[in-house]
Amino acid sequence: MELKQKFIELLNKRGITSEEDIREYLSDKPQKTYDPFLLLNMEAGVDLILSAIEADEKICIYGDYDADGITSTVIMLEVLSNLTKRLMYYIPSRFDEGYGMNRAAVEKIHDKGVDLIITVDCGSVSCDEVDYARSLGMEVLVTDHHTITDKKASGLVINPTQKECPYPFKYLAGCGVAFKVAQAIVAETGLPKSILTRTLDLVGIGTIGDIVPLIGENRTLAKYGLRAINTSARENLGALIEATGLHPGHITAENVSFVIVPHLNAAGRMDHASKAVEMLMEKDPARVRELAMELAHCNSERKHVQEGIYKECVAIVDEKFADSKFLVIDLPNAHEGVTGIVAGKIKDRYYKPTIIVTPTGDGCLKGTGRSIDGVNIYDMLKDNEELFLRFGGHAAACGFTMKEEDLQKLRGNLDGAAGRIFEKSPETFDRNISPELKLEPADIDLELMSDFDKLEPCGCANTKPLVSVRGNVANYSRIGNQNQYMRFTAEMDGGITLPCVDFRDADSIESMFQKEPEGIFDFMGYLAARTWKGNTTIQMTVENAQVNLKD
């Protein structure tokens, strides 16, 4: 395998150094996967499931309302349906119930005659709810991937993040854990392996969509998942792909992240996630197409609502909180289905930890937050847990419920804590963008682009390579329906030119060009080959630009 030296340099920087590791990393048929029975409680969990099936007991799959939870639910239902028809599923409402198990849901499930609840993508810390289910006479098997801190549900929990779990890969998504359970069931029962491989398209979608690190076993699952998506006989997924305008056979990880996953998530954000589960499992082709179009409508509505809320947040921050180090924005009329996305976008715009709160209508507020590197939002909430009725999350994201009267205290506490971080380490609040590779003009060719393509699927912990080039600027102009973007040409040594586009901050980059019309700039961004009318060119999507003095 002939690789360009710059590409080998990139792999080495990412810790992929040995010939064997490089071969595995670049393989179309990666082998990095592990025995499912290495997961703590897997053997006992499979025995519990098979005993329930043998006793003709009713089983409920309890999922979550995001793409990972949706795909996890369908994976488990599909595999178990080959062994029993006594199945149902339950996904809580984002609006009325929130994430994870709740007592009211447990009661509803019990009233439907369920004997065994299998959670997917949730349940690890649902201590009270699991105990309550058991008090009603039901068994509970938890399968999950979320971090377990100071408490854990009783009974059988299959979760690679448990400290005592010997499983060698700790970063599986919820659908990855569900897949490993399915793998163990197939091995134990002798079911055809085709039943398992049929679910790989869902595993790929959930793994990419949940933004878990695309390394190790996740990379294996995502690669096989993408292949299954592009060759899948799953007509239901084909209907969604058609409704989204993607091209079957040419679906990339980026398409999954920015098109397929948002459409599945839109069901839970704007309506109910069960609509996405139904779309993936429905047998009637006409109904499948109808549901796929409904998801497309939900996603369009989501984007429209999201844009309005984003603009409202920007106005509030600029007017009230420009000097705050931790943004806590209260929106009395916002659609809570999209506040998490907007919090992430506001965090990116101002590069400050951000929480958006909305009223629940009973004197309480529901909050969702996103944070920057170096500011652990979960720990900051933990320091204020007396203010919350419930809360959860991890270093980069959080969710909580609290009383309205405590909002100002929370805002002051969080802003004060962030201010102390700033005083000690002000660089934490600077967006640190540094290139992995510095390229000379001669390095930039279609051969390097072909090597970069071998990095796919790209995502968390396996990003597209951020590179830098140096050059002058020519022919810059605004583009976009509101002139919000910038297109220009970087003129490099040897008369070589590179088309560039900036989608992040056109105002700043235009101001820089106007101040230094003859200046030399270092441009950092992502390269991609674009083909138009048979002509292929290389373009950079610019993430940052800085003036550089001539050598």
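Okay, let's start in the sheet: Ile59 stands opposite Leu116 in S3. Keep in mind that this is a predicted model.

Zooming out, S1 and S3 sit in an open sheet of 5 strands, ordered S2-S1-S3-S4-S5, and the pairing is parallel. At the edges you've got strand S2 (87-90) and strand S5 (156-158), each pairing on one side only. From one strand to the next, the twist averages 20°.

Now, the cores. Which residues touch the most other members of the largest nonpolar core? Those are Ile49, Ile118, Val256, Ile260 and Leu264, out of 76 residues in that core. Helix H7, residues 174-189, supplies the largest share, 9 residues. There's also a second, separate core of 35 residues, and Tyr25, Ile444, Leu455 and Phe488 are among them.

Leaving out anything up to four places away in sequence, Val256 touches Ile205, Ile208, Leu226, Ile229, Ile251, Val261 and Pro262.

Last stop, helix H11, residues 235-244. What's buried there? Asn236, Leu237, Ala239, Leu240, Ile241 and Thr244. Those buried residues pack against quite a list of helices: H9 (200-209), H10 (216-231), H12 (253-270), H13 (274-281) and H14 (285-320).

Methods:
Residues numbered from 1 in each chain as written. Predicted model: local features only at pLDDT ≥ 70, side-chain atom pairs only at ≥ 80, totals over all residues. Heavy atoms only, no water. Core = buried A, V, L, I, M, F, W, Y, C linked by side-chain atoms within 4.5 Å. Buried < 20%, exposed > 50% of the residue type's maximum accessible area, 1.4 Å probe, protein only. Helix = DSSP H or I, 4+ residues; strand = E, 2+ residues; numbered from the N terminus. Contact = heavy atoms within 4.5 Å. Pairing = 2+ DSSP bridges. Axes fitted to C-alpha atoms, helices over the stretch in contact; angles between N-to-C directions.
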